[in-house]
Amino acid sequence: MLNFTNFSYSLGNKTILNKISFTLKEGEKVILIGENGSGKSTFLRVVSRAYPNAIFINTYKRIFYLDDDFFIPGNYLVRDYLLKMALVYDQTLDIDYYMKLLSLENKKIKALSKGNKQKVGLLLGLISKADLILLDEALDGLDKKTINNVVKILSTISSSIVIVTHYAELITDEGFKKYKIKAGVIYEAD
């Protein structure tokens with residue numbers, strides 16, 4: 001479980017998150033919608049513990065955080081890298097099935113577009129066996145069909161998930177609760 005009660009977070013003199021109250025239960029899936037500068041990424045960084053000194057309740061033991069600018073080694077072929085990571089996490093995942101479902105070609109990672117790198121990152125989230133998966137703009141660069149496939153995949157796993165995006169209209173309701181963030185305040189969307 002994740003629980004923030006009247007939580008604020010500042011960087012320097014600027015308040016980024018302003019007295020938010022937010023709870024995420026185990027297995028719950030959430031889409032957080034907001035404009036640039038609204039506090040979406042800061043919220044995920046706080047939850048992922050990337051920012052120190054934030055005090056809130058977090059009972060998740062394994063957190064996977066996919067930043068909008070993550071690093072993956074470029075010299076691997078996609079399939080080889082995903083299989084290697086599956087070994088690291090002792091995960092048995094049908095890599096070929098998911099690569100096909102996401103239209104992900106098996107070529108060198110450094111040759112991939114941003115959208116295809118995002119697909120690799122999303123598959124790493126599945127492989128990680130995380131209790132909580134945090135996706136920061138991870139749907140950027142993906143076409144509508146792929147977004148729908150990603151959301152369907154994510155809706156079937158037991159992990160709690162928070163997806164941050166500008167594009168809520170591209171995401172169909174697959175059991176995800178929708179929240180908005182504006183000026184550092186989170187509230188449930190209509």
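Contact means that heavy atoms lie within 4.5 Å. The model is predicted, and local features need pLDDT of at least 70, side-chain atom pairs count only at pLDDT 80 or more, while totals for chains, interfaces and linings use all residues. Residues are numbered from 1 along each chain as its sequence is written, and side-chain values use heavy atoms, with hydrogens and water left out.

**Exercise 1. Find which residues of helix α2 are buried, and state what covers them.**

Step one is to locate α2, which spans residues 78-88; helices (H or I, at least four residues) and strands (E, at least two) are DSSP runs, numbered from the N terminus. Next, apply the burial cut-off, where buried means under 20% relative accessible area, exposed over 50% and partly exposed in between, with a 1.4 Å probe and protein chains only. V78, Y81, L82, M85 and A86 are then buried. These residues lie on the same side of α2 because they cover an arc of only 140° around the axis, the arc being that of the directions from the helix axis to the C-beta atoms. An α-helix has 3.6 residues a turn, so residues three or four places apart point the same way. Finally, the cover over these buried residues includes α3 (95-101) and α4 (114-127).

**Exercise 2. Describe the lining of the largest cavity.**

A cavity is a set of points on a 1 Å grid over the protein atoms alone where a 1.4 Å probe fits but cannot get out, and lining residues have an atom within 4 Å of a point. The largest cavity is lined by L102, L122, L123, L126, V150, I153 and L154. By helix, α4 and α5 (144-156) each supply at least two residues of this lining. By residue class, the lining divides into 7 nonpolar, no polar and no charged.

Methods. 1 Å grid on protein atoms, 1.4 Å probe; cavity = no way out; pocket = protein on both sides within 12 Å on 5 of 7 lines; lining within 4 Å. Nonpolar A, V, L, I, M, F, W, Y, C, P; charged D, E, K, R; others polar.
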